[in-house]
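Morning, everyone. I'll take a few minutes on one structure. Have a look at it first, and then I'll walk you through it.

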Amino acid sequence: MDGAQGAALQLQQLPPTSSADPASEASFSYKENLIGALLAIFGHLVVSIALNLQKYCHIRLAGSKDPRAYFKTKTWWLGLFLMLLGELGVFASYAFAPLSLIVPLGAVSVIASAIIGIIFIKEKWKPKDFLRRYVLSFVGCGLTVVGTYLLVTFAPNSHEKMTGENVTKHLVSWPFLLYMLVEIVLFCLLLYFYKEKNAHNIVVILLLVALLGSMTVVTVKAVAGMLVLSIQGNLQLDYPIFYVMFVCMVATAIYQAAFLSQASQMYDSSLIASVGYILSTTVAITAGAIFYLDFVGEDVLHICMFALGCLIAFLGVFLITRNRKKAIPFEPYISMDAMPDEGAG
């Protein structure tokens, strides 16, 4: 009898077996999504401010008799520092949230540029003229905010540790290999028409950018995730796949920038911004869904609401950029009349 009571007492004193709590796991995944989304939003805002600061510096120097080179002004260096800080924030965001959530948040930079453009307008409009002139921008900003809210709310909750084994497993999976085959064939066809047939249509150029960009973001997420795990103590830098992904990340980013530069010489920046955002986001989400299996296990409602958020954000970006004035040299967003009189720097 005493033995039975002792055994029962020991069973009562045993700690409960650890079991995964679905509610706590869901809460943790949403928290990681929120951290990643906030980092991406912060990064895009800072990058947009940084680019406009550097444009401000160039405009001031071009409109004055200041003999200094742009890189000798404090304003330009402040812009460079903010740009690096913003890019670091965007880079880190990929380590916390799914690729399919982070990529569409690039719309934040479009909103920021639109707001900066309205602040630094050249003319002084009457209230009625101002509303008529910028009504599309206001509507576009509102739609983009609504779309971004839906994206963050209904984003996939796939949170897989970016270990060397997991990245390698995804890299050699047959769905991704098939996707890569299709992408390589499509890229080569587009490049052939672009180079040999002089098919300089903006869709052709920006599709080349989007295809390269999809590989850039896939590799960025792998590199960022493996770096964060290494910082946390789970070293991943001794896996060769880390360096393979790093080289692919740098190479695709360089060629992507080269094609964007060529597009900017032939087309208006607002058209590049809207078409490029739509194409790059669509292709990148597709690549992330295939490589990282972002939407596996998600219910149909969440996927449909996420897609709706993307469409609304696309429409918002289109309206914002459609209302932007044609770019002229040294006047992308800021006008000379809006500047104070003191010297640059």
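One cut-off before we start. Buried means under 20% relative accessible area, exposed means over 50%, and partly exposed is in between. Keep that in mind for L171. Its relative accessible area is 24%, so L171 counts as partly exposed. And please remember that this is a predicted model.

Now the overall picture. The protein chain has 12 helices and zero strands. Read along the sequence, the pattern is α-α-α-α-α-α-α-α-α-α-α-α. The chain has 345 residues, and 43% of them count as buried. Take the contacts with a separation of 6 or more. Residues 24 or more positions apart account for 83% of those.

Back to L171. You'll find it in helix 7, residues 164-171. What does L171 touch, leaving aside its neighbours within four places in sequence? The contacts are F176, L177, I241 and F291. Look at F291 in particular. L171 and F291 are 120 residues apart in sequence, yet their C-alpha atoms are 7.1 Å apart in space.

F291 leads us to the aromatics. F291 belongs to one aromatic cluster with F176, Y179 and Y292. The charged end of K221 sits over the Y292 ring, 5.7 Å from the ring centre.

How many aromatic pairs are there by the ring-centre rule? The count is eight. One of them is Y194 with F259. A quick reminder on how to read such a pair: it is described by the distance of the centres and the angle of the planes. For Y194 and F259, that's 6.0 Å centre to centre and 65° between the planes, an edge-to-face pair. Y194 lies in helix 8, residues 174-195, and F259 in helix 10, residues 240-266, so the pair ties together parts that are 65 residues apart in sequence. Buried or exposed? Both Y194 and F259 are buried.

Next, helices 11 and 12. Helix 11 covers residues 269-291, and helix 12 covers residues 300-322. They pack at an angle of about 165°, with their axes 8 Å apart. That angle makes helix 11 roughly antiparallel to helix 12. The crossing is right-handed. Which residues make the contact? From helix 11, they include S270, A273, Y277 and T281. From helix 12, they include F306, C310, F314 and F318.

Stay in that region for L293. L293 is in the loop between helix 11 and helix 12. Most residues other than glycine have a negative phi. L293 is not a glycine, but its phi is positive, about 55°. L293 is partly exposed, with a relative accessible area of 39%.

Last stop, S93. It lies in helix 3, residues 74-93. Is S93 buried or exposed? Its relative accessibility is 0%, so S93 counts as buried. Leave aside neighbours within four places in sequence, and S93 is in contact with G36, L39, A40 and I102.

Another is the right-handed crossing of helix 11 and helix 12. And then there's L293, with its positive phi. Thanks.

Note on methods:
Residues are numbered from 1 along each chain as its sequence is written. This is a predicted model: local features need pLDDT of at least 70, side-chain atom pairs count only at pLDDT 80 or more; totals for chains, interfaces and linings use all residues. Side-chain values use heavy atoms; hydrogens and water are left out. Rings of Phe, Tyr and Trp (its six-membered ring) pair if their centres lie within 6.5 Å; planes under 30 degrees apart count as stacked, over 60 as edge-to-face and the rest as tilted. Helices (H or I, at least four residues) and strands (E, at least two) are DSSP runs, numbered from the N terminus. Buried means under 20% relative accessible area, exposed over 50%, partly exposed in between (1.4 Å probe, protein chains only). A charge sits over a ring if NZ of Lys or CZ of Arg is within 6 Å of the ring centre and within 35 degrees of the ring normal. Axes are lines fitted to C-alpha atoms, for helices over the stretch in contact, and angles run from 0 to 180 degrees between N-to-C directions. Angles under 35 degrees count as roughly parallel, over 145 as roughly antiparallel, 65 to 115 as roughly perpendicular and the rest as oblique. A crossing is left-handed if the near helix is turned anticlockwise from the far one by less than a right angle, and right-handed if clockwise. Contact means heavy atoms within 4.5 Å.
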